[in-house]
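Here is a brief report on the model shown below.

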Amino acid sequence: MLPAMESRDTPQRSIWIDGELVPWAEATVHVLSHSHQRASLVFDYMSLHETPRGPAVFRLDDHLARFRTSTELVTLPLTRDHAELRDAVLGAVRANPGAKVVKISAYLAAVEVDVVPVDEHVTVAVAAYDPEADIQAHKAKEPWKYRRALRIWLEKDRRNRRRDIMHPHAKVAANYASPMAAKWAARKNGYDEILLVDENGFLAEGPTTNVFLVDGEGTLRTPPESTVLLGVTRRSILEIARKEGRDVREEPVRPEALIQAAEAFLTGTTAGVAPIGSVDDQPIGDGDPPGPVSLALGKRFRRIIRGEDPDFDHWLTYVNAPAEHAGGEAREGDSAQGKG
């Protein structure tokens with residue numbers, strides 16, 4: 001391995017890799033590694049928030065359950081258990097003050113010649129960092145900035161992830177190549193985001209987001225979990241809406257229903273609750289988003305992640321709290337599958 005080149009653009013952070021904290025610039029993998037060449041890397045991405053009780057990871061245990069589900073779907077032989085992964089995340093956060101997100105990855109670092117690796121060791125890496133300060137600030141080109149209400153392109157040529165190729169629930173690098181190409185093209189035409197349909201023509205999701213629409217009666221509708229990524233924010237919005245007594249339906253949705261909706265929004269770890277202003281240049285609702293339902297849900301979600309809503313405090317894992325008081329829901333052995 002060539003020695004890492006330090007520069008003024010190198011973040012002063014460390015990344016947890018297989019039990020050791022490694023300087024950011026040295027956290028490398030060979031260009032011929034299996035996961036680089038075969039797109040077999042599995043990951044999960046979670047948010048970190050400042051609260052009155054210090055930094056907290058949002059739904060840490062649920063993210064780790066989803067991470068394990070992804071490794072099982074890809075058949076990566078992950079050997080670390082839930083408790084080890086949890087300790088790794090919290091250790092990486094403590095070692096990187098000011099971090100805003102956490103990305104955990106599982107990958108085959110060995111150089112291989114076949115699709116099936118000979119060396120089955122799965123490396124686990126956990127990065128806790130600030131995307132804007134550590135990455136975006138060092139780019140020569142300004143990053144894409146979302147507008148107040150998203151301009152959406154409904155993708156016509158590429159379909160969503162297919163179960164018979166790779167299950168939609170798997171957060172594996174290979175599942176993002178086709179949506180990347182579609183979104184790249186849409187961005188060049190001035191759109192913020194794309195939405196994909198499934199193999200049967202029903203509305204599915206964005207590359208990294210889930211979609212909700214609100215009909216004229218105030219009912220929330222979203223595609224069923226079986227056909228989309230296991231969105232942790234998606235599930236949170238469903239639970240919040242039901243807690244508030246709102247009518248919620250998880251069911252197949254035709255694309256035309258989105259155009260006819262009173263409101264529509266995307267959810268995701270980065271997006272939070274992001275109102276949609278138009279789809280294929282057709283305005284949603286009265287053309288002045290956010291609507292009252294998405295506005296209310298977005299406000300409550302932001303209170304929750306800031307630690308200001310006692311009803312959902314159990315969703316936060318407080319980084320500096322004793323283990324027995326750290327919070328969280330799922331435990332080792334829990335599956336992220338089937339949870340709405």
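In the hairpin of strand 1 and strand 2, aspartate 18 takes a positive phi near 45°. Two residues lie between the strands of that hairpin. The model is predicted.

Strand 1 covers residues 14-17 and runs antiparallel to strand 2, joined by four bridges. Two residue pairs can be named. Isoleucine 17 has glutamate 20 in strand 2 as its bridge partner. Tryptophan 16 has leucine 21 in strand 2 as its bridge partner.

Which strands make up the open sheet, and in what order? There are seven strands, in the order 2-1-6-5-3-4-16, with antiparallel pairing. Strand 2 (20-23) and strand 16 (316-318) stand at the edges. Each has a single partner strand, so one side of each is left without a neighbour in the sheet. From one strand to the next, the twist averages 30°.

Helix 3, residues 82-94, packs on this sheet. The helix touches strand 1, strand 3 (42-51), strand 5, strand 6 and strand 16. The direction of helix 3 makes about 35° with that of strand 6.

## A nonpolar surface patch

Val31, Leu32 and Val111 form a nonpolar patch on the surface. Together they have about 250 Å² of accessible area.

Valine 111 sits in the loop between strand 5 (101-107) and strand 6 (123-129). Is valine 111 buried or partly exposed? Its relative accessibility is 45%, so valine 111 counts as partly exposed.

Leucine 150 lies in strand 7, which spans residues 150-154. At 3% relative accessibility, leucine 150 counts as buried. The cut-off for buried is under 20% relative accessible area.

What does leucine 150 contact, leaving aside its neighbours within four places in sequence? The contacts are Asp192, Leu266, Ala274, Pro275, Ile276, Gly277 and Ser278. Isoleucine 304 is 154 residues away from leucine 150 in sequence. In space, the two are 23 Å apart, C-alpha to C-alpha.

## Salt bridges

Side chains of opposite charge can pair when their charged atoms come close. How many salt bridges does a search of the whole structure find? The search finds 24.

One of the pairs is glutamate 193 with lysine 183, whose closest N and O atoms are 3.1 Å apart. This pair links distant parts of the chain, with its residues ten apart. Glutamate 193 belongs to strand 8 (residues 193-197), and lysine 183 to helix 5 (residues 177-188). Glutamate 193 is buried, with a relative accessible area of 1%. Lysine 183 is buried too, with a relative accessible area of 16%.

## Further charged pairs

Glutamate 225 forms a salt bridge with arginine 234, and their closest N and O atoms are 3.8 Å apart. Both of these residues are buried.

Arginine 249 pairs with aspartate 247 in a salt bridge, with the closest N and O atoms 3.5 Å apart. Arginine 249 has 40% relative accessibility and counts as partly exposed. Aspartate 247 is partly exposed, with a relative accessible area of 37%. Finally, a network of salt bridges links Glu244, Arg246, Arg300, Asp309 and Asp311.

Notes:
Residues numbered from 1 in each chain as written. Predicted model: local features only at pLDDT ≥ 70, side-chain atom pairs only at ≥ 80, totals over all residues. Heavy atoms only, no water. Patch = residues over 30% accessible without salt bridge, like charges linked within 9 Å, V, L, I, M, F, W, Y side chains within 5 Å. Areas by Shrake-Rupley, 256 points an atom, 1.4 Å probe, with all protein chains shown as cover. Salt bridge = Lys/Arg side-chain N within 4 Å of Asp/Glu carboxyl O. Buried < 20%, exposed > 50% of the residue type's maximum accessible area, 1.4 Å probe, protein only. Pairing = 2+ DSSP bridges. Axes fitted to C-alpha atoms, helices over the stretch in contact; angles between N-to-C directions. Contact = heavy atoms within 4.5 Å.
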